[in-house]
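Please open the structure in your viewer and keep the selection tool at hand.

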Amino acid sequence: MKKIGIAVVVTFLALLVFSGKLEGYFFKKESIGRVLTVDNSDAIVQGISKVGCQHLTVKVLTGKHKGKILEINNLLSGSIEYDEFYIEKDKVLMAVLENNGRLDGKVLSLLRMDKIAGLAFIFVILLIIYARKVGFKSLLSFAGSIIIIWEYLIPALRKGENVFIITVFALILLSALIIFLVAGFTRKGFSAFLGTMSGLFVTAALTFLFGDTFRIDGMNQPLAQSVVFSSFMSINILDIFYAAIVIGASGAAMDIAMDMTATIEELKIHNPDISRKALIKSGFNVGRSVIGTMTTTLLLAYSGGFLTLMILFMERNTTILQILNMKMVTSEIIKIIIGSIGLVVVAPITTYIASFIYSVEIKNNKNRVLRLSGIFFKEKQQGI
């Protein structure tokens, strides 16, 4: 049955991706087009940048104007970060407008959604094949997290009120969704959730208490100035920066909490008579190894997006002292240090919580109930 279920999911995803149906779910306001011809006679190459204009002939492939062929000008400003340079047979995302019975088109960007869908398809297949039921649950939690972030967190942050509190609340909701959907309402789920909360509140407290001492205004974030201007100065960008610190650290904290809980669970399963003291000792030994690599993982994750900046520093012979005191660099250092402190706290706290919960004696019934501090936990038989 499991193999049949996997085959059904794989077949559905394959049909979704390769039949073109995926495009219909995303491209409602925009259309998809294909570049038929390109005229670069008015495009001027200056070093690695291009200025001027490309003259494109584009065929509309989707929407009510499907089959129409439009002449479109692609303006090149010389800004490599934003300009798109097209060649024949490129599939593009475009907007088609009706103006007094005349069709006007604008090419927005190269169509990359099909490549993204291909990579996502590979990820989903590998995840389901390896993790099976848990993998499917993790996909559901992933989709739910996107919905919560896009439909709740981002609109709430746009309002610019109680940004920090809203972020913490959203992360509590996200943690509960992800952990309980994957682990269920079991001792494993509650242990991991409580451990994650410890890291979340420590990170939030450190950010709140020490954030202002660095005198970071938050404008170092990508497109921060554009956000401030587009919101008519109603958004406190510094609060958004603080929220980004907590969000960035919460995922790693959840990972550590689940690792430690799974370790305690496996120890208890394979040695039911193990004492709580032994569980804590073993959990600490594992936690030290996990923390040793996870803090470096945070460093690599944050620094990976600034490789070009570091190359620029080297090209200009910028000193280490200057680099460390730059606002842009200091903000990333704050994220790394506060996130690492949160991780160091999560590992031992989760170990204590999980070892206590798994050391409580419960009856060996088909559906066991653990009464702890007035809370009832239902979980399936696991042979402990």
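Which residue takes a positive phi in the hairpin of strand 2 and strand 3? It is Gly47, with a phi near 65 degrees, in a hairpin that has two residues between the strands.

Before going further, note that this is a predicted model, in which local features need pLDDT of at least 70, side-chain atom pairs count only at pLDDT 80 or more, and totals for chains, interfaces and linings use all residues. Residues are numbered from 1 along each chain as its sequence is written, and side-chain values use heavy atoms, with hydrogens and water left out.

**The strands**

Helices (H or I, at least four residues) and strands (E, at least two) are DSSP runs, numbered from the N terminus. Two strands pair if DSSP finds at least two bridges between them. Select strand 2 (residues 43-46): four bridges join this strand to strand 3, and the two run antiparallel. Gln46 has Ser49 as its bridge partner in strand 3.

Val58 has its bridge partner, Leu70, in strand 4.

**A charge over a ring**

Select Lys50 and Phe85. Lys50 lies over the face of Phe85, at 4.9 Å from the ring centre (the criterion is NZ of Lys or CZ of Arg within 6 Å of the ring centre and within 35 degrees of the ring normal).

**The aromatic pairs**

Rings of Phe, Tyr and Trp (its six-membered ring) pair if their centres lie within 6.5 Å; planes under 30 degrees apart count as stacked, over 60 as edge-to-face and the rest as tilted. Eight aromatic pairs are counted by this rule. Select Phe164 and Phe208: their ring centres are 6.4 Å apart and their planes stand at 35 degrees, so the pair is tilted. Phe164 belongs to helix 5 (residues 163-183) and Phe208 to helix 6 (residues 187-210), 44 residues apart.

Is each of these residues buried (under 20% relative accessible area), exposed (over 50%) or partly exposed (in between), using a 1.4 Å probe and protein chains only? Phe164 is buried at 18%, whereas Phe208 is exposed at 62%.

**The nonpolar core**

Finally, select Phe164 again with Leu200: both are among the residues with the most contacts inside the largest nonpolar core, which has 23 residues. Such a core is a set of buried Ala, Val, Leu, Ile, Met, Phe, Trp, Tyr and Cys residues joined through side-chain atoms within 4.5 Å. Helix 6 gives the most to this core, with seven residues.
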